[in-house]
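Please look over the sequence and the structure shown below before reading on. The paragraphs that follow begin with one residue and then widen to the whole chain.

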Amino acid sequence: KTPDPIKGKFAPTKKQKRAGAEDIYKLYFHGPAYQVIEQSWKKGDDVVGLFAKELPDNHNPNERTTLALPRLVELCFQTAGIWEMGAKNRMGLPQHIDKLKVYKQPSNSRTRLYAVVNYDDGAYEAAIVDNKGEIYLKLKGYTTAEFISAFDEKLLEPLKAIVG
């Protein structure tokens, strides 16, 4: 059963501090097909990542479907990583997920999707939602293993600015 939509607006306000892909991918090492964040910002207690438009094909042949929406799961991972780098000065790689639940596939490529990520009690929880708050997938109990903890502080500034 698909959960009730999450209420609220997900897009940033005009005055809100944001980190764009040009800043984010100076830190991340992902190739073009997995540079999935267009921009990120903080909304209340959550960090939000906007799914990038017009990504190259995820796989070949592109017509084949995937069940677990790997780039949307990656959007959750990378948005959690923005929180981790901005708040904790460390980059982690995926270590553990308690639960991943896929509710539905995006109906078209024009649908704007957001990862809404919260950190609580040592783990991240994330949901992929659209502008109406409809939930596409949920990820619970996501933890990371430390990968990098020494950064050029200038590269972290945009992330620290949004995480606060």
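Leaving aside its neighbours within four places in sequence, which residues is Ile 82 in contact with? With contact meaning heavy atoms within 4.5 Å, the partners of Ile 82 are Ile 24, Tyr 28, Ile 37, Ser 40, Val 47, Leu 159, Ile 162 and Val 163. This is a predicted model, in which local features need pLDDT of at least 70 and side-chain atom pairs count only at pLDDT 80 or more, while totals for chains, interfaces and linings use all residues. Residues are numbered from 1 along each chain as its sequence is written, and side-chain values use heavy atoms, with hydrogens and water left out.

Ile 82 is found in helix α2, where helices (H or I, at least four residues) and strands (E, at least two) are DSSP runs numbered from the N terminus. Its relative accessible area is 0%, so Ile 82 counts as buried; buried means under 20% relative accessible area, exposed over 50%, and partly exposed in between, with a 1.4 Å probe and protein chains only. Between Ile 82 and Val 47 there are 35 residues of separation in sequence, yet their C-alpha atoms are 8.0 Å apart in space.

Ile 82 also belongs to the largest nonpolar core, a set of 35 residues in which Ile 24, Leu 72, Leu 75, Ile 82, Met 85, Ile 128 and Leu 159 have the most contacts. A nonpolar core is here a set of buried Ala, Val, Leu, Ile, Met, Phe, Trp, Tyr and Cys residues joined through side-chain atoms within 4.5 Å. At least two residues of this core come from each of β3 (46-51), α2 (70-88), β6 (113-120), β7 (123-130), β8 (135-148) and α3 (153-163), and α2 gives the most, with nine residues. Ile 24, for its part, is in contact with Ala 19, Ile 37, Ser 40, Ile 82 and Leu 159, once its neighbours within four places in sequence are left aside.

The chain as a whole has three helices and eight strands, which follow one another along the sequence in the pattern β-α-β-β-α-β-β-β-β-β-α. Among contacts between residues at least 6 apart in sequence, 68% join residues at least 24 apart, and 41% of the 164 residues count as buried. Because a compact globule of 164 residues would have a radius of gyration near 15 Å, the chain, with 15 Å, agrees with that expectation; the radius is taken over C-alpha atoms, and the globule rule is 2.2 Å times the number of residues to the power 0.38.

Some details of the loops deserve a separate look. In the loop between β3 and α2 lies Pro 61, which is joined to Asn 60 by a cis peptide bond with omega of about 0°. Glu 54 lies in the loop between β3 and α2 as well, and its phi is near 50°, a positive value in a residue other than glycine; with a relative accessible area of 80%, Glu 54 is exposed. Asp 121, in the loop between β6 and β7, has a positive phi of about 55° although it is not a glycine, and at 76% relative accessibility Asp 121 counts as exposed.
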